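I opened a new structure today and kept a notebook while looking through it. Here is the model I worked from.

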Amino acid sequence: MKVHALRIWEELVGKILDINVIDDQTLVVNISGINYALPSFPKELINKISKNTIIGILRTDESYAIRIINAKDALSRANR
């Protein structure tokens with residue numbers, strides 16, 4: 001299984017097909033058929049994402065930012 005990583009200021013956008021957390025710190029997501037490892041992903045953001053949601057994940061120089069593109073309660077979930 002090939003796993004990709006995001007560089008700083010790189011964003012991935014697509015449908016979340018699978019989500020796994022490894023060692024309480026690394027999020028591994030399958031987005032639109034491609035696996036991405038996101039080290040040091042904030043726990044508070046993990047709770048805001050779910051399978052079958054179209055999402056954007058941006059890696060910044062300090063952390064990550066997410067935007068939920070299509071979820072019935074996207075605004076309420078993203079602003080919690």
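My entries follow, from the whole chain down to single residues.

**Entry 1: ground rules**

I am reading a predicted model, where local features need pLDDT of at least 70, side-chain atom pairs count only at pLDDT 80 or more, and totals for chains, interfaces and linings use all residues. Residues are numbered from 1 along each chain as its sequence is written, and side-chain values use heavy atoms, with hydrogens and water left out.

**Entry 2: the chain**

I looked up the helices and strands. The protein chain has two helices and six strands. Helices (H or I, at least four residues) and strands (E, at least two) are DSSP runs, numbered from the N terminus. Along the sequence I read the pattern β-β-β-β-α-β-β-α.

Next I looked up burial. Of the 80 residues, 36% count as buried. Buried means under 20% relative accessible area, exposed means over 50%, and partly exposed lies in between (1.4 Å probe, protein chains only).

I also looked up contacts, meaning heavy atoms within 4.5 Å. Among contacts between residues at least 6 apart in sequence, 46% join residues at least 24 apart.

**Entry 3: the sheet**

In what order do the six strands stand in the sheet? I found E1-E4-E3-E2-E5-E6, in an open sheet with mixed pairing. Strand E1 (3–5) and strand E6 (64–70) are at the edges with a single partner strand each, so one side of each has no neighbour in the sheet. Neighbouring strands are turned by 45 degrees against each other on average, direction ignored. For such angles, axes are lines fitted to C-alpha atoms, for helices over the stretch in contact, and angles run from 0 to 180 degrees between N-to-C directions.

I noted the rule for pairing: DSSP must find at least two bridges between two strands. Strands of a sheet pair through backbone hydrogen bonds, either parallel or antiparallel.

Then I checked two pairs. E2 (residues 11–22) and E3 (residues 26–31) are antiparallel, with six bridges. Ile 19 has Val 29 in E3 as its bridge partner. E5 and E6 also run antiparallel, joined by six bridges. Here Arg 59 is partnered with Tyr 64 in E6. A hairpin of four residues links E5 to E6.

**Entry 4: the core**

Which residues have the most contacts inside the largest nonpolar core? I wrote down Leu 27, Ile 31, Leu 38, Phe 41, Ile 55 and Ile 57, in a core of 16 residues. A nonpolar core is a set of buried Ala, Val, Leu, Ile, Met, Phe, Trp, Tyr and Cys residues joined through side-chain atoms within 4.5 Å. Two or more residues each come from E2, E3, strand E4 (34–38), helix H1 (43–46), strand E5 (54–59) and E6. E3 gives the largest share, three residues. In soluble globular proteins, nonpolar side chains tend to be buried together.

I picked Leu 38 and listed its contacts beyond four places in sequence. They are Leu 6, Gln 25, Thr 26, Leu 27, Val 29, Ile 57 and Tyr 64.

**Entry 5: Tyr 36**

Tyr 36 lies in strand E4. Tyr 36 is buried, because its relative accessibility is 15%. Beyond four places in sequence, Tyr 36 touches Val 3, His 4, Leu 12, Leu 27, Val 28, Val 29 and Ile 31. Ala 5 is 31 residues away along the chain, yet the two C-alpha atoms are 5.5 Å apart.

**Entry 6: salt bridges**

How many salt bridges are in the whole structure? I found three. A salt bridge is a side-chain nitrogen of Lys or Arg within 4 Å of a carboxyl oxygen of Asp or Glu.

- Glu 10 pairs with Arg 7, with the closest N and O atoms 3.6 Å apart. Glu 10 is partly exposed at 26%, whereas Arg 7 is exposed at 61%.
- Glu 11 pairs with Arg 67 at 2.8 Å, N to O. Glu 11 lies in E2 and Arg 67 in E6, so this pair ties together parts 56 residues apart in sequence.
- Asp 18 pairs with Lys 51 at 3.6 Å, N to O. Asp 18 lies in E2 and Lys 51 in the loop between H1 and E5, so parts 33 residues apart in sequence are tied together.

**Entry 7: Thr 53**

Is Thr 53 buried or exposed? Thr 53 counts as buried, because its relative accessibility is 5%. Thr 53 sits in the loop between H1 and E5.
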